[in-house]
Amino acid sequence: MQQMELIAPCHFGTEAVLKREITDLGYEIISVEDGRIVFKGDAEAVARANIFIRTAERIMVKVGSFQALTFDELFEATKALPWEQYLTKDAKFWVTKATTNKSKLFSGSDIQSIVKKAIVERLKGIYHLNWFEENGPEYPIRVFILKDMVTIAIDSSGTSLHKRGYRKLVGKAPISETLAAALIMLTPWNKDRILVDPFCGSGTFPIEAAMIGAKIAPGMNREFTAKKWENILPQSAWREAVTEAEDQIIKDIQMNIQGYDLDGGIVKCAMENARAADVAQYIHFQQRNMKELSSPRKYGFIITNPPYGERMEDKAELPGLYKEMGKSFDRLDTWSKYIITSYEDAERYLGHKATKNRKIYNGMIKSYFYQYMGPKPPKRNLNEE
């Protein structure tokens, strides 16, 4: 199959995990940028990337890139791209988003309008039509302009990949599925180690961990815009990718994953979400105060997204909350603890400086992923077994 350039955006700060996922799927990385990775793949890669990748926000097919300092240059360069290779004569296409940064062209609405007109002009000459019905498959187009360099791509995912389909109910300030998966994959946690989220909310961390442990591909049970792009990739590519995903699932796995929350109603939401994701059998959810956190098990993991004071009246409670969290964590002295929060005084009130601190953007919110590394468990002596 013909090779294409595919673009995978991600949360700023999680590029390393996404790069590893793409490489593990067998595709060549072209470039790694802030919040975005470009890689090479055939049409089959569009299906496999959408179904298997946990940490990308969407998968886009790059149509072309060029420099444009004026709207005339934007129009002519867009018109020169080979749109007929991607868009059928009945295609429904629109510029769903245009972002610009440090560029002379800065009006998103004008960029959207001009790119659409340029594509129409190109296709008029190719298909010998003056009017397009646009009643066929959908091809949402995205435009990115950085330092006057324009990149135009078609979004193959449609609905963002963080919407796995299992999270029917959410609590306050939920973490996205893609970010939760990326943060788990930034830790050395594996399915053989206990994992606890003492602020589980709607259950995203425990559910994503269970899916990772059981090797359940995140996109198996949802739809994608590109499934109707039969001019670019056949239906067989999707069927084969789903079959590959089904073959990888570990069905007889044992995991110890726990999620606690003070709100009993939100715990019920988490249980419902886990059932929808078909991982409820791997997770124990419980209404429980973080102050009661304890375990006889050693060398476990805490991965959590505690409150960080979205409202001014909540901020006054944070010092006390994080102090109590620090005391609870201290009782689990062999455990590793990973906390994502935008609260800049977190280390101060937790009582310890983090082993590592990674800056992560949770949407537009600058956050910190505090990593407190516990000791490694001793290696088992096989001669004693």
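Predicted model: local features only at pLDDT ≥ 70, side-chain atom pairs only at ≥ 80, totals over all residues.
Me: What makes β2 and β5 edge strands of their sheet?
Reply: Strands (E, at least two residues) and helices (H or I, at least four) are DSSP runs numbered from the N terminus, and two strands pair if DSSP finds at least two bridges between them. The open sheet has seven strands in the order β2-β3-β1-β4-β7-β6-β5, with mixed pairing. β2 (28-33) and β5 each have a single partner strand, so one side of each is left without a neighbour in the sheet. From one strand to the next the twist averages 30°.

Me: How do you know that β6 pairs with β5 and with β7?
Reply: Strand β5 (residues 92-101) and β6 are joined in the parallel sense over nine bridges, and β6 and strand β7 (residues 149-155) in the antiparallel sense over six bridges; because at least two bridges are asked for, both count as pairs. K97 has R142 in β6 as its bridge partner, and V143 stands opposite I152 in β7.

Me: Why is β6 called mostly covered?
Reply: Buried means under 20% relative accessible area, against over 50% for exposed and partly exposed in between (1.4 Å probe, protein chains only). In strand β6 (residues 138-146), seven of the nine residues are buried.

Me: What makes β10 and β13 the edge strands of the other open sheet?
Reply: Seven strands follow the order β10-β9-β8-β11-β12-β14-β13 in this sheet, again with mixed pairing, and β10 (283-287) and β13 (356-362) each pair on one side only. Inside the sheet, strand β11 (residues 301-304) and strand β12 (residues 336-341) run parallel and are joined by four bridges, with T304 opposite I339 in β12.

Me: How do you know how α3 and α4 are packed?
Reply: Two packed helices are described by the angle between their axes and the distance between the axes. Axes are lines fitted to C-alpha atoms, for helices over the stretch in contact, and angles run from 0 to 180 degrees between N-to-C directions. For helix α3 (residues 71-79) and helix α4 (residues 108-127), the axes come within 8 Å and cross at roughly 40°. Contact means heavy atoms within 4.5 Å, and among the residues that meet are F71 and L74 in α3 and I111 and I114 in α4.

Me: What angle and distance describe the packing of α5 and α6?
Reply: Helix α5 (residues 177-185) and α6 pack at an angle of about 65°, with their axes 9 Å apart. Residues that meet include A180 and I184 in α5, and F205 and A209 in α6.

Me: What makes a set of residues a nonpolar core?
Reply: Such a core is a set of buried Ala, Val, Leu, Ile, Met, Phe, Trp, Tyr and Cys residues joined through side-chain atoms within 4.5 Å. The largest has 98 residues, of which W83, L87, L233 and V279 touch the most other members. Apart from it lies another core of 23 residues, among them I194 and Y308.

Key: Residues numbered from 1 in each chain as written. Heavy atoms only, no water.
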